[in-house]
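Dear colleague,

I am passing on the structure below, together with some notes on what I found in it. Please read the notes with the model open beside them.

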Amino acid sequence: MEFASKYAYDYGGESSCESDDEADDLPLNNEAPQPIPVASVLNQNELTSNVCPAPPPPPGNAPSSTRSIDASIQQQSTNTKSSSAAPAAQWIFGGPPNPPPPPPPSKKKKKKKVRKTDTNVLSVKFGCLEEKTFTSASKPVKCAQCPAVMSNLEHLVNDLNGKKGDSSMNWICGFCGATNSVTESDAKTERKEDMLYVPEDQVPEPEKKEEQAEMKKEGEQSVDLEDDSILLFTLDISGSMGATVCQRGQMKDLDDDSDSPDGQSNDDNAVDDSQQRGSFFSNFFQNRNTRPRTAGPSPGGNQITLNQNNLRQASYDYLSRLDIMKAALIQRLKDMKKTKPNVKLGVVTFCTEVNYLADGTGSKQKSLSQKAVNDRDAIQKEGIACKPPGPLKQSADRMKTAVKGMQPVSMTALGPALLMSVAIAGQQNQSKVIICTDGMANVGIGKLNGDSPNDDFYDYVSEYANEFGVSVSILSIEGADCRLTCLGKVADATNGSVNIVNPKDLGAEYAGIISQKIVGSKVEVTLVLHTSMYIRDALNPNDKSKSWMKLSIGNVTSDSENYFEFGFKPKQSEDKNEDADLKEVPFQLQISYVNKHKAQLLRVITAKMPCTKERSKAEEEADMALMGAHAVQSTAQISKEREYTLANKNALSKKVWFMKQKVADPLQTKVQATTTSELDRYRVTLQHEQMDEAMQYGRNLSDSDEDSVDSFSLGSKKQKKMAIRAKTQKDSSANMMYRNAKMSKGALLKK
């Protein structure tokens, strides 16, 4: 638990809102124009259509009467400041024009209020689940009136009403003030600020745990022998994967068999074996029975030619998407065989059919029948019946052979392949599935083409994956339409990755996903505050009643972060004196999760924070990176609910705060610039979505929400709006939304 400031800012009577009209005066980088309401365009056309156009000049010599009229008109036009052909025509054909209608009464512009951003933000870093802390086998003692757990902050008092000889004790909750009874054994239990509650039968032996966590060294390369999770690559081998990709002259990048243009692998655990990398792609294609489909020179070598200026230039080479994907996967196999030898790596391919290649062992391979691709229960049964792949150290060579034999063919049964992969990986907790595709699901259950796509299927897969601790990542090939809005829901719900990638960057994406270690599944977070405070709800900013909140997260990795905003409730007259002496406030974070061994654990972190009524004091040493990550993440989280206008207001409020901060440190300045740039980019994306709505529906779908009074009508409108926006959202917009929703402090600092 990390705070954005050293102080909790109690704004007291200060206004907590600012007008978004004032904020709009601030410059925005790459700002898109505001959408033009179609209604205003129609009104303008109606006005102009009421004026008769000027007639064309008569051919030949005009009659004298006509010339005299024309002369009088010309003289009149010189006496007026502005004239047009239309009024002149009305003089000719219908006498003097009617005076223009009076303008409609101007409506007083309703100022929309946006809450001022402050530093009352805290971060939940789930990497703490890997850290050692004080462990207790006793059960947590909870307050009877709030979810708070008894901690080192509470005070014990004797029970004066107890029976004679009874040594029972009471403890006063530091959050709600309730008095709770506690047994003598619980009263004597040692309590720390950071505690891990573990069932008695799950308490690890320290020496044994250290042996299991030991990392063996092989030269400069670390080897993780503990990771024995299932890792499934679910690969699209439909006909579109045979499309070629032009690789401009940099055949060194391809022949180098590495993940980055400079020849160095992006995997932290990669091996520096450059002596064997130079001819990887050449050997890869030479060993194939058939050459890849190319539209240019063969990728067998790095051909250098001379241009007309006698300057050296490299030739253009063409590789299919599938060939590049296979080469990237084979490189991962090679690296992981040394760094993670016990990982159970397998492959599932899908076109019109779904095939489980397992680890290359023929007896484990299985094909999904054509009758089952539309039956959800049948697909799950087939997946559960499959044998998991064996350790990579034993199957690497078989896997390479199986991967090289894949050929592009037919259509895209992505939905059945996804569900089957999750069912296979769900046989072991904290496993991963990586989907790589370049097309929209169009075969079997979960197909997304047509007028009525099956979106609910992907919600079900998300719940199913979280139930068995499976993380799903989605990689979409650049230039393809995959309906990432639907697919990304699975990755977002299971804390996987979502990205649109260039085929040549697949190796780096694979490495990044593999390096993210799952540290907990079925994670639930509970934040408890003092009763004088509340947790802000971005979707319902007027609700200031919640002093505690419980969220279901699902899977988390060591890099995962979630953020909360908090504030102080408006002080009532009867309790004003009571809270006047509140110099510091308590916070308690409870993380309930299931570990790798399927043990249910509870981590409780309790802290106190001093209060201040001075904004400048709270912002004096604010953590700009934490504030920036929260700004980006919170905006994306709001837009996931399809509340684009509200998300835009949130981004604008955060940007105003950042632009007002005076920072001198170079790192803080960089964070400030990066955050405002990210917010601007996302605001432009949201505005483009709303401009498309205005062109298609005549207005932005968010416009009618604020004027609705009937809650039932408002709820119905929001459901329709969410359905429409989910259906029409572009893949690029969905990709940015899902990636920003996972923004962390560390990720922001790397930008």
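Axes here are lines fitted to C-alpha atoms, for helices over the stretch in contact, and angles run from 0 to 180 degrees between N-to-C directions. Helices (H or I, at least four residues) and strands (E, at least two) are DSSP runs, numbered from the N terminus. The model is predicted, with local features needing pLDDT of at least 70 and side-chain atom pairs counting only at pLDDT 80 or more, while totals for chains, interfaces and linings use all residues. Residues are numbered from 1 along each chain as its sequence is written, and side-chain values use heavy atoms, with hydrogens and water left out.

With those terms in place, helix H19 (residues 624–640) and helix H20 (residues 644–660) pack at an angle of about 170°, and their axes lie 8 Å apart. The contact (heavy atoms within 4.5 Å) involves, among others, Met624, Met627 and Ile638 of H19 and Tyr644, Trp657 and Phe658 of H20.

S1 pairs with strand S5 (residues 121–125) in the antiparallel sense over two bridges, and glutamate 2 stands opposite serine 123 in S5.

A second open sheet has seven strands in the order S20-S19-S18-S13-S21-S22-S23, and its pairing is mixed. Its edges are strand S20 (366–368) and strand S23 (498–501), each with a single partner strand, so that one side of each is left without a neighbour in the sheet. The twist from one strand to the next averages 20°. Within this sheet, strand S18 (residues 344–350) and strand S19 (residues 354–358) pair in the antiparallel sense over four bridges, and tyrosine 356 in S19 is the bridge partner of valine 348. Helix H15 (residues 484–493) packs on the sheet and touches strand S22 (470–477) and S23, its direction making about 150° with that of S22.

On burial (under 20% relative accessible area is buried, over 50% exposed, and partly exposed in between, with a 1.4 Å probe and protein chains only), 48% of the 751 residues of the protein count as buried. In helix H10 (residues 321–339), 17 of the 19 residues are buried, so that H10 is largely enclosed by the rest of the structure. Glycine 554, found in strand S26 (residues 548–557), is likewise buried, with a relative accessible area of 8%. Leaving aside residues up to four places away in sequence, glycine 554 touches Asn466, Gly520, Ser521, Lys522 and Val523.

Finally, strand S8 (residues 169–172) pairs with S9 in the antiparallel sense over four bridges. S8 and S9 form a hairpin with six residues between them, and glycine 177 in the turn has a positive phi of about 80°.

With best wishes

Notes
Pairing = 2+ DSSP bridges. Expected span 1.5 Å × (residues − 1).
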